[in-house]
Amino acid sequence: MKKVRYIRNLDQVSQLTDAERTALAKVENKFKFRANDYYLGLINWDDPNDPIRRIIVPHTGELKEFGELDASNEEANYVAPGTQHKYTSTALLLCNEICGGYCRFCFRKRLFMDGNDEASNDLTEGINYIKSHPEINNVLLTGGDPFLLSTRRLESIIRPLREIDHIGVIRIGTKMAAFNPFRITQDDELLEMLSQYSTPNKRIYIMNHFNVPQELTPQAFEALDLLNRAGTVTLNQTPILRGINDSPAVLSKLMNLLNDAGVHPYYFFQCRPTAGNEIYELPIVESYMALIKAKKNVSGLAKRARMVMSHDSGKIEIVGLTDDHIYMKYHRARFSSDDERFMIYHRDDKAFWFDDLVPADDSEYTETA
Ligand code: SF4
């Protein structure tokens, strides 16, 4: 059985030079590093700008003061240990605080820091909360990566959720098909468990996180195939990241490969202004244009993907752009008064986040309920 070797220290990354390790020590102290030999093996070490390297290996640019650790104010969403409830119909269970690797741009990197207790080992209170809130009809298991839990532990969370009548879709947010596909391909019990609880009328959705085409290895394709055959619905979501996947060619290749594998590209995120993330950030207009150009080379299936900003006030979809304006709409809203609200803001090619944008004059501003 193939087992990956987890690596938690840059000293264990033999491909880095001593000088590189010394230069990165400060970064490693600030934002934790974690990888494994399989994922590091995808890097072309001759290329300092290799996209997998940029995803997983620390970069001195992370030391630049920028952004907030909790850029979308998730702190405001907790209703029980490890349990967030922001949008009426959706609850989040943060099952653990560990991933198959740590993406350098992670919007939840605070979870990996000592002293953070947002994720919980005991979700009983959260599951009871969901039980007593019939307006919640779907639950997202997240973290961290729920597939880092043992299959038995994961089942102990899914089983009680499946017993709640008003819960239909259960989503699992995971990057394991990219970081360590063997977690999926070599655990028959996991696949059987998913198959058991992804029923014909209540499916489990696997929210994958592939950032670049290089992650779609034969092993990753096998993992996705097994997830599809287990009766789960597989989707993908990724931020658009400077120097990693910000070219239309890379994005369209990613979308096409995912579609070929039966995985639907779902969200493309504007990279959140998270602490240390300046080097990964693109202005909203640049991200949007990269995606629009990429969509010229994909089928209608991939064109369904939306570009959104996960803002404190809700999930804001960028729906259009003209020379003067940027058009947006609340896809999900924290407050019902914002539900489906359509917004016209002045185009600003330097704006990185919703808060940087300025609404158009009242005379130009349209709103629909
Ligand atoms: S897989 Fe997701 S939660 Fe885990 S480090 Fe990457 S972005 Fe963060």
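This is a predicted model: local features need pLDDT of at least 70, side-chain atom pairs count only at pLDDT 80 or more; totals for chains, interfaces and linings use all residues.
In which loop is the place of T232? Residues are numbered from 1 along each chain as its sequence is written, and side-chain values use heavy atoms, with hydrogens and water left out.

**View A. T232 is placed in the loop between helix 9 (218–229) and strand 9 (233–240).** Helices (H or I, at least four residues) and strands (E, at least two) are DSSP runs, numbered from the N terminus. T232 has a relative accessibility of 5% and counts as buried; buried means under 20% relative accessible area, exposed over 50%, and partly exposed in between (1.4 Å probe, protein chains only). From T232 to Y327 the C-alpha to C-alpha separation is 34 Å, and the two are 95 residues apart in sequence.

**View B. The ligand sits in the largest pocket.** A pocket is defined on a 1 Å grid over the protein atoms alone as an open set of points where a 1.4 Å probe fits, with protein on both sides within 12 Å along at least five of seven lines; lining residues have an atom within 4 Å of a point. A molecule sits in a pocket if more than half of its atoms lie within 2 Å of its grid points. Surrounding the ligand are C99, G101, Y102, C103, C106, F112, K175 and H209, each with a heavy atom within 4 Å of it. This shell comprises 5 nonpolar, 2 polar and 1 charged residues, where Ala, Val, Leu, Ile, Met, Phe, Trp, Tyr, Cys and Pro count as nonpolar, Asp, Glu, Lys and Arg as charged, and the others, Gly among them, as polar.

**View C. The largest nonpolar core contains 82 residues.** Such a core is a set of buried Ala, Val, Leu, Ile, Met, Phe, Trp, Tyr and Cys residues joined through side-chain atoms within 4.5 Å. I130, L141, F147 and L161 have the most contacts inside this core. Helix 8 (residues 188–197) gives the most to this core, with 5 residues.

**View D. A cis peptide bond joins G143 and G144.** Omega is about 20°, and G144 lies in the loop between strand 6 (138–142) and helix 5 (151–162).

**View E. N73, not a glycine, has a positive phi of about 55°.** N73 is in the loop between helix 3 (51–56) and strand 3 (78–80). With a relative accessible area of 27%, N73 is partly exposed.
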